[in-house]
Amino acid sequence: MPQPKTRWDIFCTVVDNYGDIGVTWRLARQLVAEHALTVRLWVDDLRAFERLCPELDIHLDTQWQQGVEVRHWPAEWPETDAADVVIAAFACQLPTRYMDAMAERQQRPLWLNLDYLSAEDWVVGCHRLPSVKYKSVQRYFFFPGFQPDTGGLLRERNLIEQRQAFQRDRASQRQFLQGLGIAPASDALLISLFAYENPGLASWLDVLAADVSPTHLLVPEGRIVGDVARWLEVESLKAGDLQIRGALTVQVVPFIHQDQYDRLLWCCDFNAVRGEDSFVRAQWAGRPMLWHIYQQDEDIHMDKLDAFLALYTRALSPAAADATSGFWRAWCSGQPVGQHWLAVREHWSQLQSHAEAWSLEQALQADLATALVHFYRNWL
Ligand code: TRH
């Protein structure tokens with residue numbers, strides 16, 4: 001007799017931006033596609049989700065998207081049975097009536113708190129630890145991470161092989177970019193810029209514009225576009241707009257599907273990313289990168305930044321490590337970064353091979369979806 005499929009519920013509250021929904025949507029799809037699980041994704045804000053999945057009908061309470069049952073998480077919780085595995089993404093608070101349903105199940109569900117990504121050492125010690133209980137249902141911490149003994153990173157099956165094949169295939173890259181209306185000069189350095197507002201940006205653009213070699217900067221629609229427009233001294237910018245200043249071509253690109261965004265990162269020589277999910281995707285792209293970390297109170301994000309930098313730069317020469325750390329720290333503090341960019345450029349070939357090596361090293365770990373499935377199997 002075929003076993004009934006294990007049912008998973010993933011809960012996502014959209015705090016702001018796209019990282020919460022970006023991570024949970026990616027995870028839900030992977031659990032369905034690669035682990036043949038039945039997955040419901042409960043999301044409180046379908047409008048943010050629509051940006052990532054334009055096929056979504058934001059007026060529906062229930063709909064199917066790519067094999068995932070997408071449920072609107074309403075203020076008034078509907079009568080629902082609890083799943084076998086329950087994931088509260090980023091410590092979101094589950095509805096009390098749902099937790100009651102979990103406690104009423106004959107076979108208690110596995111309840112996991114999927115946390116934010118951090119390279120800090122304490123993560124290793126806390127990963128998989130029991131947390132609080134609700135009635136008789138135990139909750140566990142589950143931490144993604146970069147080190148062995150963490151939950152790893154979201155990575156779809158064969159992602160690295162697909163990425164490498166695409167990066168070897170210049171014609172496919174050209175065709176993909178053309179589909180987005182992007183036609184960089186053959187000698188231009190191609191950079192993508194996905195970031196929060198940043199007063200340090202102008203100094204970087206100054207240096208790129210004054211450079212002897214050309215740069216083509218792709219700016220997905222979003223929070224940093226205002227700073228770009230200010231530097232260009234134009235009133236506003238929209239997708240498709242292209243402006244040239246000295247050696248720098250600036251082009252605003254539309255917000256695209258996650259899979260397309262991956263390809264954009266794979267095409268670029270350098271990727272500036274932010275938050276959590278695009279940060280991971282830039283690592284899988286195997287290209288030098290810059291991270292705009294999500295700002296937290298009392299600057300605690302700077303500890304997270306330093307923890308990652310300590311790991312990421314470990315295999316670099318001291319000079320290349322200093323250049324990378326200087327650039328990232330300045331960027332995340334809103335300081336001028338022009339000189340830091342020039343310092344990074346001095347170590348370019350080392351940073352290129354390092355980015356590829358880092359991506360391959362990280363891919364040796366089990367991916368996050370597989371780690372979750374294993375944890376459930378072992379827990380049973
Ligand atoms: O949008 P973010 O700033 O999200 C942040 C972080 O997750 C942060 O840790 C969290 O606390 C905060 O939200 C609430 O950056 P992030 O994580 O990179 O998410 C962006 C998502 O958007 C990611 O899944 C990639 C996706 N994306 C596209 O699908 N298409 C695009 O064109 C672009 C630029 C991004």
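This report looks at a sheet, a helix and one histidine in a predicted model.

## The eight-strand sheet

Let's start with the sheet. It is open and has eight strands, running in the order β3-β4-β2-β1-β5-β6-β8-β7, and the pairing is mixed. At the edges you'll find β3 (62-65) and β7 (130-134); each has a single partner strand, so one side of each has no neighbour in the sheet. On average, neighbouring strands here are turned by 25° against each other, if you ignore direction.

Strand β3 runs antiparallel to β4 (residues 68-72), and four bridges join the two. To see how they line up, find Q63: it stands opposite V70 in β4. In general, strands of a sheet pair through backbone hydrogen bonds, either parallel or antiparallel.

## Helix α7

Next up is helix α7, which covers residues 201-210. Seven of its 10 residues are buried, so the helix is largely enclosed by the rest of the structure. The buried ones are L201, S203, W204, L205, V207, L208 and A209.

## A closer look at H216

Finally, find H216 in strand β10, which spans residues 215-220.

Definitions and conventions. Residues are numbered from 1 along each chain as its sequence is written. This is a predicted model: local features need pLDDT of at least 70, side-chain atom pairs count only at pLDDT 80 or more; totals for chains, interfaces and linings use all residues. Side-chain values use heavy atoms; hydrogens and water are left out. Two strands pair if DSSP finds at least two bridges between them. Axes are lines fitted to C-alpha atoms, for helices over the stretch in contact, and angles run from 0 to 180 degrees between N-to-C directions. Buried means under 20% relative accessible area, exposed over 50%, partly exposed in between (1.4 Å probe, protein chains only).
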